[in-house]
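Okay, thanks everyone for coming.

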Amino acid sequence: MSPSATIRKRFHAPYLDGIRGLAALSVVYSHSQNLYYQNLFYNTYNMIGQAGVHCFFVLSAFLLVYRGLGEWETWMDSRRDKMEERQGYEPVRLVGAEEADVELGDRTAPEGDIDSTVSPQPHKLVSNPTARSRLSGLISLWTTHGDPVRIWMRFMLRRVMRVYIPYIVLLLLIAYFEPISFAYGHIITPQNLQGHLSLRVAEFIFWSIPPEMEFYLYIPLIVIGYDLLSRLGVHLSRRTHRFSPTMGRWSGRALGLLILLFVESYFLYTREVQNPHKLSGTAQYFLSGSVAAILFHEAMRLDWIPLSEQEEKELEQETKVKSIATSGFAAHIVALLPTRHQAFRLSWDIANYGIFILCLATMPLLQKKILHFGVYMELEWLAGGGLYASLILTGLFSRDGSFVNAVTWSLLRFSGKVSFGIYLLHPIAFMYVNTIPSVGPLAADLLQSPADKANVQFDAVCLSFAASLALGWVFHYLVEKPSMKVAEAVAKRWLVVKKA
């Protein structure tokens, strides 16, 4: 099995869980220093929480656009094959790593339907009856069958139940339950609850919810637009006769990427820095994740993903590959040389480390000392999510590199699994840890020695981390999982997509 097929079969990369866990814990650490006064004598990474939220945006867009592309293209291809079978034509399937040069316009006529001496004219699409039937078929996709509508309704249902319903549950608890309201500084009351529920207002840590929910509405546009440009390229190649359908297909895909990059650049240089709770202030991060998803999707289509170490060993056992030089000095030299897959994995792994170090260097103090940027996170803003998207891609391409193995530590993966609960509930952990008289700011105010102050503050940070993980786990299993189960039940009952 090719590495691309393996990833398609089980695409829930533990590496991405680890990255999500790192982002969640970075938010917890940053808030411990900036909001809850558990001050350590090391403030270089006090702003890392903002980078963590931006990384959340990129990762969320990457996963959702990637899965949307796979599901949409699979359904479109199966629907096309079904239409061809109904018309008595042989369905066109994918050939190897790239699609065949035959699309809807080129059909293989069944035996006996036409005289073999008549030469086919596949490019006369205007007069070809299949062109008219194709048009009516496309219209019927959105009207009679309704499968496209069900696909995206199911997508939106899952996102609403995954993000918005847990958010509503927490808002109601904050508004009507005094102990929890105390932890959030009484920022949400029954009087202003409606504004938060409608996403018109987003205070405190909840500023990131409205732009993410708004971006969900644009994901179908990105996915369908990219797919249509690919098919449009094939159609134009057949009408003009100037280039092959494969070139037309890739030209359409390249145009789709260029459009996304142009829109990302527009939002990057016209961003509303003062309004980060709006999509116009954070769109560059979501678009960076979308571009990364498309690039990874196409890399798998072309089978450019290197084999992992385990897959390479299995391949050697299956094929029983042996070195040509069986003995002597030449055999020793050949054995020392890395294979193609090993060289690619090593290269991507080194790039992974470099990008991660560059992400850390975007912190205000470091970028001022090393890169001579301003005191604010200027480099992080200028990158527009490109650094986080590159970190995701290099990790996935390196497969089982040393950086990936480090990030897939079980604690980070667990943190990534319950990351949304950690993000929403960590103020509760901080507020109540700070009320303990023997640790945290209360204890530090009573001590004189800087070392003793640092010790009690460090104890408070560690205790807050542990409490945040515990609260996140409880919230995940009591609120998030039941909500997702309801979404799956509703989707299976009313939003089933018919198989071709």
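Predicted model: local features only at pLDDT ≥ 70, side-chain atom pairs only at ≥ 80, totals over all residues.

Let's start inside. The largest nonpolar core has 103 residues. The ones that touch the most other members are Tyr-15, Leu-16, Phe-62, Tyr-184, Phe-206, Ile-219 and Phe-296. And which helix gives the largest share of this core? That's α3, residues 48-86, with 18 residues. If you like the general background, nonpolar side chains in soluble globular proteins tend to be buried together.

Now the rings. The count here comes to 24 aromatic pairs. Take Tyr-66 and Phe-296, which make a tilted pair, 5.6 Å centre to centre with 50 degrees between the planes. Tyr-66 sits in helix α3 and Phe-296 in helix α11, so this pair ties together parts of the chain that are 230 residues apart in sequence. Are these two buried or exposed? Tyr-66 has 7% relative accessibility, so it counts as buried, given that the cut-off is under 20%. Phe-296 comes in at 0%, so that one is buried too.

The other pair I want to show you is Tyr-184 with Phe-206. Those two rings are stacked, with 5.9 Å between centres and 20 degrees between planes. Tyr-184 is in the loop between α6 (178-183) and α7 (193-197), while Phe-206 is in the loop between α7 and α8 (209-216). They're 22 residues apart, and the pair links distant parts of the chain. Both Tyr-184 and Phe-206 are buried.

His-297 is buried, at 10% relative accessible area. Leaving out residues up to four places away in sequence, His-297 touches Tyr-66, Leu-69, Gly-70 and Glu-73.

One more ring, this time with a charge over it: Arg-253 lies over the face of Trp-250, 4.4 Å from the ring centre.

The largest pocket has a volume of about 1100 Å³. There are 38 residues lining this pocket, and nearest its centre you'll find Arg-20, Leu-63, Arg-67, Arg-159 and Arg-162. Which helix supplies the largest share of the lining? It's α3 again, with ten residues. Several helices each supply at least two lining residues, including α2 (14-34), α5 (147-176) and α22 (450-494).

Tyr-37 isn't a glycine, but has a positive phi of about 60 degrees. You'll find Tyr-37 in the loop between α2 and α3. With a relative accessible area of 52%, Tyr-37 is exposed, because the cut-off for that is over 50%. Phe-204 also has a positive phi, near 60 degrees, and is a residue other than glycine. Phe-204 sits in the loop between α7 and α8. At 31% relative accessibility, Phe-204 counts as partly exposed.

That's my tour, so over to you for questions.

Methods: Residues numbered from 1 in each chain as written. Heavy atoms only, no water. Buried < 20%, exposed > 50% of the residue type's maximum accessible area, 1.4 Å probe, protein only. Contact = heavy atoms within 4.5 Å. Core = buried A, V, L, I, M, F, W, Y, C linked by side-chain atoms within 4.5 Å. Helix = DSSP H or I, 4+ residues; strand = E, 2+ residues; numbered from the N terminus. Phe/Tyr/Trp six-rings, centres within 6.5 Å; stacked < 30°, edge-to-face > 60°. Lys NZ or Arg CZ within 6 Å of the ring centre and 35° of its normal. 1 Å grid on protein atoms, 1.4 Å probe; cavity = no way out; pocket = protein on both sides within 12 Å on 5 of 7 lines; lining within 4 Å. Points joined across faces, edges and corners; volume = space filled by probe spheres on them.
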